[in-house]
Amino acid sequence: MEAKTNAMRILDKNKIVYKHYVYDAATALSGVEVADRLNQNPAQVFKTLVTVGKSKQHYVYMIPVAQELDLKKAAECAGEKSVEMVKSKELLPLTGYIHGGCSPIGMKKVFPTFIDESAQNFESIIFSGGKIGCQVELALSDLQKVVGVKVASLI
């Protein structure tokens, strides 16, 4: 039994039912490659992106792994003039997670979090479990119980 991640411990504490997947991540994989390795639909596998707005407030966005975040739509749903991606070196001190292993659950601080509306097309979604090589799967409604994620058009 491998060690649980912080995200998994938070899900357990909140009595949220989830599946988890572990894969060999000896080499860097794109999100699409992760979906392929897990034999899952890339539209159902989400990546977690951290941004900073013109106001210096940080925002988290979850979008399907094969898609690109529309920064104009992201800024609009956050009520910002603009947002830009956080630099990789700023990710760990800000969130507690590294690039490629960033989960919306268990960040150092709670940031406003948005998920693309396409997540509503699935009974469950898959996203990082908080470390490279680990993914969790759960219902969007259960994620919303833990992270208060808002649904928006992001791609």
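This is a predicted model: local features need pLDDT of at least 70, side-chain atom pairs count only at pLDDT 80 or more; totals for chains, interfaces and linings use all residues.
Biologist: Got it. Which strand gives the most to the lining of the largest pocket?

Modeller: That pocket has a volume of about 590 Å³, and 27 residues line it. The elements giving two or more residues to the lining are helix 2 (31-37), strand 2 (46-53) and helix 4 (88-95). With five residues, the one that gives the most is strand 2.

Biologist: And which residues lie nearest the centre of the largest pocket?

Modeller: We're picking from a lining of 27 residues. Those nearest the centre are Lys47, Thr48, His99, Gly100 and Gly101.

Biologist: Let's talk rings. What is the angle between the planes of Tyr61 and Phe114?

Modeller: A search of the whole structure turns up one aromatic pair, and Tyr61 and Phe114 form it, 5.4 Å centre to centre. The pair links distant parts of the chain, as Tyr61 sits in strand 3 (residues 58-64) and Phe114 in strand 5 (residues 113-116), 53 residues apart. Planes under 30 degrees apart count as stacked. This pair is stacked, and its angle is 20 degrees.

Biologist: Out to the surface, then. Which residues form a nonpolar patch there?

Modeller: The patch has about 250 Å² of accessible area in total. One member, Ile132, is in the loop between strand 6 (125-131) and strand 7 (134-138), and Ile132 counts as partly exposed because its relative accessibility is 40%. The patch is made of Leu92, Ile98 and Ile132.

Biologist: What about the backbone: what is phi of Lys15 near?

Modeller: Lys15 belongs to the loop between helix 1 (6-13) and strand 1 (19-22). With a relative accessible area of 73%, Lys15 is exposed. Its phi is positive, in a residue other than glycine, and near 55 degrees.

Biologist: Where does Asn39 lie?

Modeller: Asn39 also has a positive phi without being glycine, near 60 degrees. A relative accessible area of 71% makes Asn39 exposed. As for its place in the chain, Asn39 lies in the loop between helix 2 and strand 2.

How values were computed:
Residues are numbered from 1 along each chain as its sequence is written. Side-chain values use heavy atoms; hydrogens and water are left out. Patches are made of residues with over 30% relative accessible area and no salt bridge: like charges are joined within 9 Å, nonpolar side chains (Val, Leu, Ile, Met, Phe, Trp, Tyr) within 5 Å. Accessible areas come from the Shrake-Rupley method with a 1.4 Å probe; for residues, only the protein chains shown count as cover. A salt bridge is a side-chain nitrogen of Lys or Arg within 4 Å of a carboxyl oxygen of Asp or Glu. Helices (H or I, at least four residues) and strands (E, at least two) are DSSP runs, numbered from the N terminus. Buried means under 20% relative accessible area, exposed over 50%, partly exposed in between (1.4 Å probe, protein chains only). Rings of Phe, Tyr and Trp (its six-membered ring) pair if their centres lie within 6.5 Å; planes under 30 degrees apart count as stacked, over 60 as edge-to-face and the rest as tilted. On a 1 Å grid over the protein atoms alone, a cavity is a set of points where a 1.4 Å probe fits but cannot get out, and a pocket is an open set with protein on both sides within 12 Å along at least five of seven lines; lining residues have an atom within 4 Å of a point. Grid points are joined across faces, edges and corners, and a volume is the space filled by probe spheres set on the points.
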